[in-house]
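Please read the following report with the sequence and the 3D structure at hand. It goes through a few places one at a time.

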Amino acid sequence: MEIDDDGHPDILSGSYSRMEQDMAGLFQVLYGNPDGTFRKAEVLKGTDGQPLIIPIESRDQQTENICTRPFAVDWDADGHLDLVVGNFSGTFYWFKGEGKGKFQPKPQAVKAGNQPLRIQGAHSDPFPIDWDGDGDLDLLSGTSGGGVQWAENGAGKGKLPELRPFQWLIQPGRAVEYGGVLKEEQLTGPTTSTRVWVDDVNGDGKLDLLVGDSVTLVSPAKGLSEEAFKKKFAAWQKAYETVTKEMSQTTDQAKRSNAQQEFQKLYQRRTEFMNEDRTGFVWLYLQK
Amino acid sequence: MKRLVLGALVLGGSTALCNAAEFQDPVRLKAGDAPVRVESPGYAAPCLADLDADGKKELLVGQFQDGKIRVFKHGGGEKFSPGEWLQAEGTVAHVPGVW
């Protein structure tokens with residue numbers, strides 16, 4: 001994306017949170033240089049000189065401004081790039097742009113009717129695009145639970161979007177209980193924590209989807225059969241449930257501390273019988 | 001963002017498609033012969049953009065680990081070359097506050 005109108009592509013990113021007591025997922029830009037290289041990430045600031053942050057009134061609303069995901073687009077059709085942003089909680093905001101990479105500091109909530117637009121699940125992931133080909137910007141989003149959702153814009157071209165509630169474009173796959181062996185070759189589609197990108201990948205004139213995900217591949221530890229793994233996992237899970245119950249039920253500080261130590265030890269013991277490979281892939285959905 | 005260990009995984013095998021589009025079955029993008037994948041703890045965030053103004057869009061994949069971004073040259077269609085870490089000012093670029 002080109003944020004500052006200087007003719008060189010920039011890279012815009014959200015973040016989970018700044019490393020301060022006052023959490024907030026800042027927006028970061030790696031500005032492009034004329035020679036095609038990039039500068040180190042810089043915090044994107046508003047016209048007031050302060051970092052752009054989704055404002056919250058109390059810590060109870062913390063999920064509104066962490067785990068941010070921005071997209072630069074002319075949302076209100078005034079000729080300037082705005083920022084449409086997602087967050088942990090699954091809602092959306094937009095910061096009005098004034099051109100040349102300047103954005104007003106106070107965002108507006110993106111709404112569906114009178115209510116904040118919200119995805120099913122968490123981790124809103126905005127990708128504004130005219131998905132249905134009627135000339136205005138619709139909104140696609142990934143989600144923590146997987147799948148891809150879209151919200152249709154009924155406003156028409158050249159107007160501030162008026163979005164309908166999200167509906168599924170691609171449903172999440174079936175859930176699988178944690179603890180089973182999951183091999184890479186068993187995967188047949190995106191799993192959880194989907195992030196979506198839209199483009200005509202194969203040049204056939206139709207919009208396709210790239211969907212990033214997050215998945216934990218599970219295999220038995222070296223020398224262990226799958227059957228033995230299952231038994232060991234079942235025993236481990238029973239112990240896990242016992243210790244977590246103790247932690248949640250006891251009010252005695254010493255007992256709670258002991259239970260927490262037991263939990264840590266137990267958690268580490270997973271590696272005695274299982275390998276976990278936490279990774280993520282990029283899936284391509286070509287439109288027919 | 002950190003996932004609970006006992007959270008549910010989801011397989012995409014029974015993916016159902018709804019509304020306004022039909023898609024072919026999903027395939028994992030490859031870089032060379034190997035699937036594009038991110039480091040632990042996962043969270044792949046893809047993007048297509050023509051960074052070098054050669055008329056072809058590169059695949060950029062952001063990841064949670066160190067906030068690094070992998071860049072894969074586009075070979076046309078669904079083909080991408082093995083990737084390299086995005087550089088900024090001579091070192092591997094990273095986005096702060098991502099881990």
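## The loop of Asp66(B)

Asp66(B) sits in the loop between strand S6 (58–62) and strand S7 (69–72) of chain B. Strands here are DSSP runs of E of at least two residues, helices are runs of H or I of at least four residues, and both are numbered from the N terminus. At 36% relative accessibility, Asp66(B) counts as partly exposed. Buried means under 20% relative accessible area, exposed over 50%, and partly exposed in between, with a 1.4 Å probe and protein chains only. The phi of Asp66(B) is positive, about 60°, although the residue is not a glycine. Most residues other than glycine have a negative phi, and most peptide bonds are trans.

S6(B) and S7(B) pair in the antiparallel sense over four bridges; two strands pair if DSSP finds at least two bridges between them. Within this pairing, Val61(B) has Arg70(B) in S7(B) as its bridge partner. The hairpin of S6(B) and S7(B) has six residues between the strands. S7(B) also pairs in the antiparallel sense with strand S10 (residues 84–85) of chain B, over two bridges. There Val71(B) stands opposite Glu84(B) in S10(B).

## How the model is read

This is a predicted model, in which local features need pLDDT of at least 70 and side-chain atom pairs count only at pLDDT 80 or more, while totals for chains, interfaces and linings use all residues. Residues are numbered from 1 along each chain as its sequence is written, chains are lettered from A and ligands numbered from 1 in the order in which they are written, and side-chain values use heavy atoms, with hydrogens and water left out.

Glu89(B) is not a glycine either, yet has a positive phi of about 55°. Its place is the loop between strand S11 (87–88) and strand S12 (91–92) of chain B. Is Glu89(B) buried or exposed? At 52% relative accessibility, Glu89(B) counts as exposed.

A cis peptide bond, with omega about 10°, joins Ser40(B) and Pro41(B). Pro41(B) is found in the loop between S4 and strand S5 (45–49) of chain B.

## An open sheet and the whole of chain B

Four strands of chain B form an open sheet of mixed pairing, in the order S4-S3-S9-S8. Its edge strands are strand S4 (34–35) and strand S8 (74–76), each of which pairs on one side only. Strand S3 (residues 30–31) and strand S9 (residues 79–80) of chain B pair in the parallel sense over two bridges. The bridge partner of Lys30(B) in S9(B) is Lys79(B).

Chain B has 12 strands and zero helices. Of its 99 residues, 45% count as buried. Chain B exposes about 4,800 Å², of which carbon and sulfur atoms supply 52%; such areas come from the Shrake-Rupley method with a 1.4 Å probe, and for residues only the protein chains shown count as cover. Among contacts (heavy atoms within 4.5 Å) in chain B between residues at least 6 apart in sequence, 34% join residues at least 24 apart.

## Two helices of chain A

Helix H1 (226–249) of chain A has 24 residues and reaches 34 Å from its first C-alpha to its last, close to the 34 Å expected at 1.5 Å a residue. The expected span is 1.5 Å times one less than the number of residues. Buried residues of H1(A) include Phe229(A), Phe233(A) and Trp236(A). Their cover includes strand S18 (208–220), H2 and strand S19 (274–279) of chain A.

In H2(A), Ala259(A), Phe263(A) and Leu266(A) are buried. They cover an arc of only 70° around the axis, which puts them on the same side of H2(A); the arc is that of the directions from the helix axis to the C-beta atoms. On the other side of H2(A), Gln253(A), Lys265(A) and Gln268(A) are exposed. The buried residues of H2(A) pack against H1 of chain A.

## A buried loop residue in chain A

Val110(A) lies in the loop between strand S9 (108–109) and strand S10 (111–112) of chain A. With a relative accessible area of 5%, Val110(A) is buried. Leaving aside neighbours within four places in sequence, the residues in contact with Val110(A) include Trp75(A), Phe92(A) and Leu163(A).
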